[in-house]
Amino acid sequence: MAKSHKIGIMGGTFDPIHAGHLITAEAVRDAMGLATVLFIPAATPPHKLDQSVTPARHRLLMTELAVCSNPHFRVSDIELRRKGPSYTIDTIHELQQIYPAGTEFYFFTGADAINDLATWHEADKLLAECHFITATRQGTVLDTAGLRARFGAAGMAHIHHIETPQLEISSTAIRERIQRGQSIRYLVPQAVQEYIEKEGLYR
Ligand code: ATP
Ligand code: MG
């Protein structure tokens with residue numbers, strides 16, 4: 001039997017991608033023995049329709065610049081190419097067409113999001129078809145009891161929790177720092193910082 005292949009998925013707006021995303025993705029990859037982590041920039045997410053999100057071409061290119069030197073990291077534009085809202089289940093189904101049968105998908109998401117898994121589109125099907133990895137951020141606790149009550153032992157077998165370094169870095173804070181004229185050095189990779197300056201983003 002072919003060796004099973006584990007692919008991690010890091011979805012996000014990546015507006016811009018930052019050290020918190022990269023350090024967490026590498027920690028998850030290492031802890032879970034993932035062959036690859038796919039960074040998938042989201043089309044304008046439903047909950048951010050009211051805000052201005054940077055055009056996708058910039059977010060995609062910054063993500064490429066940030067991950068290109070890591071042999072285990074890749075970027076996928078599947079959610080940007082899709083029309084309409086992006087549901088995780090659709091992304092998983094598309095990836096199943098691309099990767100060989102037997103590939104296991106590990107979707108990374110914050111504990112806050114996973115606690116709300118019951119509200120996700122086709123949550124039961126999603127949990128049957130892929131795994132979730134959560135890394136607890138400060139102030140968030142995984143609602144193990146609630147998740148078990150809703151999804152049972154079989155569902156819980158697809159929810160993995162790992163400890164990752166706590167990094168108080170967010171895209172929002174980076175955009176605010178740029179607005180205030182403060183340094184973002186080391187908060188984003190140097191190539192991303194230079195791209196932001198060259199294109200005059202977030203000013
Ligand atoms: P924003 O401030 O615009 O909401 P963000 O920093 O939260 O941006 P997203 O693109 O929304 O970044 O996040 C994508 C994924 O990365 C989410 O699952 C989010 O929980 C996770 N993430 C973001 N920042 C960190 C961090 N510092 N450490 C660990 N995970 C993070
Ligand atoms: Mg966020």
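The structure is a predicted model, in which local features need pLDDT of at least 70, side-chain atom pairs count only at pLDDT 80 or more, and totals for chains, interfaces and linings use all residues. Residues are numbered from 1 along each chain as its sequence is written, chains are lettered from A and ligands numbered from 1 in the order in which they are written, and side-chain values use heavy atoms, with hydrogens and water left out.

View 1. A salt bridge is defined as a side-chain nitrogen of Lys or Arg within 4 Å of a carboxyl oxygen of Asp or Glu, and the structure holds 5 of them. Glu122 and Lys125 are joined in this way through their side chains (3.8 Å, N to O). Glu122 is partly exposed, with a relative accessible area of 38%; the term denotes values between buried (under 20% relative accessible area) and exposed (over 50%), with a 1.4 Å probe and protein chains only. Arg150 and Asp124 form a salt bridge at 2.9 Å, N to O. This pair links distant parts of the chain, with Arg150 in helix H7 (residues 144–156) and Asp124 in helix H6 (residues 123–129), 26 residues apart. Helices (H or I, at least four residues) and strands (E, at least two) are DSSP runs, numbered from the N terminus. Arg150 is partly exposed at 38% relative accessibility, and Asp124 is partly exposed with a relative accessible area of 46%.

**View 2. Salt bridge of Asp77 and Arg81.** The side chains of Asp77 and Arg81 meet in a salt bridge of 3.0 Å, N to O. Asp77 counts as partly exposed, at 29% relative accessibility.

View 3. Strands pair if DSSP finds at least two bridges between them. Strand E1 (residues 6–12) runs parallel to E2 and is joined to it by 6 bridges; Ile7 has Thr36 as its bridge partner in E2. E2 and E3 are also parallel, with 3 bridges, and Leu38 has Arg74 as its bridge partner in E3.

**View 4. Helix H9.** The buried residues of H9 (residues 190–199) are Val192, Gln193, Tyr195 and Ile196. Seen down the axis of H9, these buried residues fall within an arc of 160°, so they line one face of the helix; the arc is that of the directions from the helix axis to the C-beta atoms. The face turned away from the buried side of H9 carries the exposed residues Gln190 and Lys198. Gly200 follows H9 and has a positive phi, near 65°.

**View 5. The largest nonpolar core.** A nonpolar core is a set of buried Ala, Val, Leu, Ile, Met, Phe, Trp, Tyr and Cys residues joined through side-chain atoms within 4.5 Å. Of the 31 residues in the largest core, Ile17, Phe39, Val67 and Ile196 touch the most other members. The largest share of this core, 5 residues, comes from H1.
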